[in-house]
Amino acid sequence: MRNWLIKSEPSDYSLADLQADKVAIWDGVRNYQARNFLREMEVGDRLFYYHSNTKPPGIVGLATVTKANVVDPTQFDAEHKYFDPKSTPEKPRWQTVEIAYDKTLAEMITLTQLKEAFSPDDFAVVRRGNRLSVMPVADDIATQLLEMGGV
DNA sequence: GCCAACGTTGGC
DNA sequence: GCCAACGTTGGC
């Protein structure tokens, strides 16, 4: 079981939205590095759910991978914001995963706290200018995050 | 709202 | 293949 961090703008799709939906396809990722991480995910992997572009940004809860290697359906929909004209059902460019809500932290772990606890070398999310929306989380960092989040 | 970071596009 | 222009992300 591996640990990952996934980012979402809460105005777009928040952890509360996932809680309401219970399960969701993590669609819309159009960055190759992020997609490559999505391809590596396996059922049962733990996801730290991070709210970006909000005040304050930080980790708000946990989710779980429920289906691996899901073809992102939005890439074929010409009406959709995430339509990719260069992708075909025979040769899809964008894979993702299905995720399920797990839990909401009693208190979020803010980016400020993350910066205090971890170095940019160890945890990409605290790196200045970091824009990656899906990234791996090392086991020891995951353990500390669970502690910090009171899980 | 500003702007740094950085990925992508497209001309050459 | 280089690189300038452009668009997006996301913290502040």
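A nonpolar core is a set of buried Ala, Val, Leu, Ile, Met, Phe, Trp, Tyr and Cys residues joined through side-chain atoms within 4.5 Å. In this predicted model, the largest such core has 41 residues. The structure also holds four salt bridges, and the protein has residues around DNA strand B and around DNA strand C.

**Nonpolar core**

- Within the largest core, the residues that touch the most other members are Met-41, Tyr-49, Ile-59, Ile-99, Leu-114, Phe-123 and Leu-145.
- Strand β4, residues 58-71, supplies the largest share of this core, with five residues.
- Ile-59 touches Leu-5, Phe-48, Tyr-49, Tyr-50, Leu-105, Met-108, Ile-109, Leu-114 and Leu-145, when residues up to four places away in sequence are not counted.
- In soluble globular proteins, nonpolar side chains tend to be buried together.

**Strand pairing**

- Strands β4 and β5 run antiparallel and are joined by 10 bridges.
- Strands β2 and β5 also pair in the antiparallel sense, over three bridges.
- Ala-100 in β5 is the bridge partner of Thr-64, and Ala-100 is also the bridge partner of Val-23.

- Side chains of opposite charge can pair when their charged atoms come close.
- Arg-30 and Asp-72 meet through their side chains in a salt bridge, at 3.0 Å from N to O. This pair links distant parts of the chain, 42 residues apart: Arg-30 is in the loop between β2 (23-25) and α3 (32-40), and Asp-72 is in the loop between β4 and β5 (95-110).
- Arg-30 counts as partly exposed because its relative accessibility is 27%, whereas Asp-72, at 1%, counts as buried.
- Lys-67 and Glu-98 form another salt bridge, at 3.6 Å from N to O. Their side chains link distant parts of the chain, with Lys-67 in strand β4 and Glu-98 in strand β5, 31 residues apart.
- Lys-67 has 46% relative accessibility and so counts as partly exposed; Glu-98, at 15%, counts as buried.
- Arg-93 and Asp-84 meet in a salt bridge at 3.4 Å, N to O. Arg-93 is partly exposed, with a relative accessible area of 26%, and Asp-84 counts as buried at 8% relative accessibility.

**DNA strand B**

- Asn-31, Tyr-32, Arg-128, Gly-129 and Arg-131 are the residues around DNA strand B.
- Of the atoms of DNA strand B that come within 4 Å of the protein, 72% are accounted for by sugar and phosphate.
- Arg-128 places a polar side-chain atom 3.0 Å from a sugar or linking oxygen of DNA strand B.
- Arg-131 has a side-chain N or O atom 2.9 Å from a base oxygen of DNA strand B.

**DNA strand C**

- The residues around DNA strand C are Lys-7, Tyr-50, Ser-52, Asn-53, Pro-57, Leu-111, Lys-115, Asn-130 and Arg-131.
- Sugar or phosphate makes up 68% of the atoms of DNA strand C within 4 Å of the protein, and the rest belong to bases.
- Lys-115 has a polar side-chain atom 2.6 Å from a phosphate oxygen of DNA strand C.
- Asn-53 uses a backbone N or O atom, which lies 2.9 Å from a phosphate oxygen of DNA strand C.
- Arg-131 has a side-chain N or O atom 2.5 Å from a base oxygen of DNA strand C. Arg-131 is also among the residues around DNA strand B.

**Backbone geometry**

- Most residues other than glycine have a negative phi, and most peptide bonds are trans.
- Asn-53 is not a glycine, yet has a positive phi of about 55°. Asn-53 lies in the loop between β3 and β4 and is exposed, with a relative accessible area of 65%.
- Asn-69 likewise has a positive phi, of about 50°, without being a glycine. Asn-69 is placed in strand β4 and is partly exposed, with a relative accessible area of 47%.
- Lys-55 and Pro-56 are joined by a cis peptide bond with an omega of about -15°. Pro-56 is in the loop between β3 (46-51) and β4.

**Ser-14**

- Ser-14 sits in the loop between α1 (10-13) and α2 (15-21).
- With a relative accessible area of 11%, Ser-14 falls under the 20% cut-off and is therefore buried.
- Apart from neighbours within four places in sequence, Ser-14 is in contact with Glu-9, Tyr-49 and His-51. Tyr-49 is also one of the core residues that touch the most other members.

How values were computed
Residues numbered from 1 in each chain as written. Chains lettered and ligands numbered in written order. Predicted model: local features only at pLDDT ≥ 70, side-chain atom pairs only at ≥ 80, totals over all residues. Heavy atoms only, no water. Buried < 20%, exposed > 50% of the residue type's maximum accessible area, 1.4 Å probe, protein only. Helix = DSSP H or I, 4+ residues; strand = E, 2+ residues; numbered from the N terminus. Contact = heavy atoms within 4.5 Å. Pairing = 2+ DSSP bridges. Near = heavy atom within 4 Å. Polar contact = N/O pair within 3.5 Å; in protein donor to acceptor, adjacent residues only side chain to side chain.
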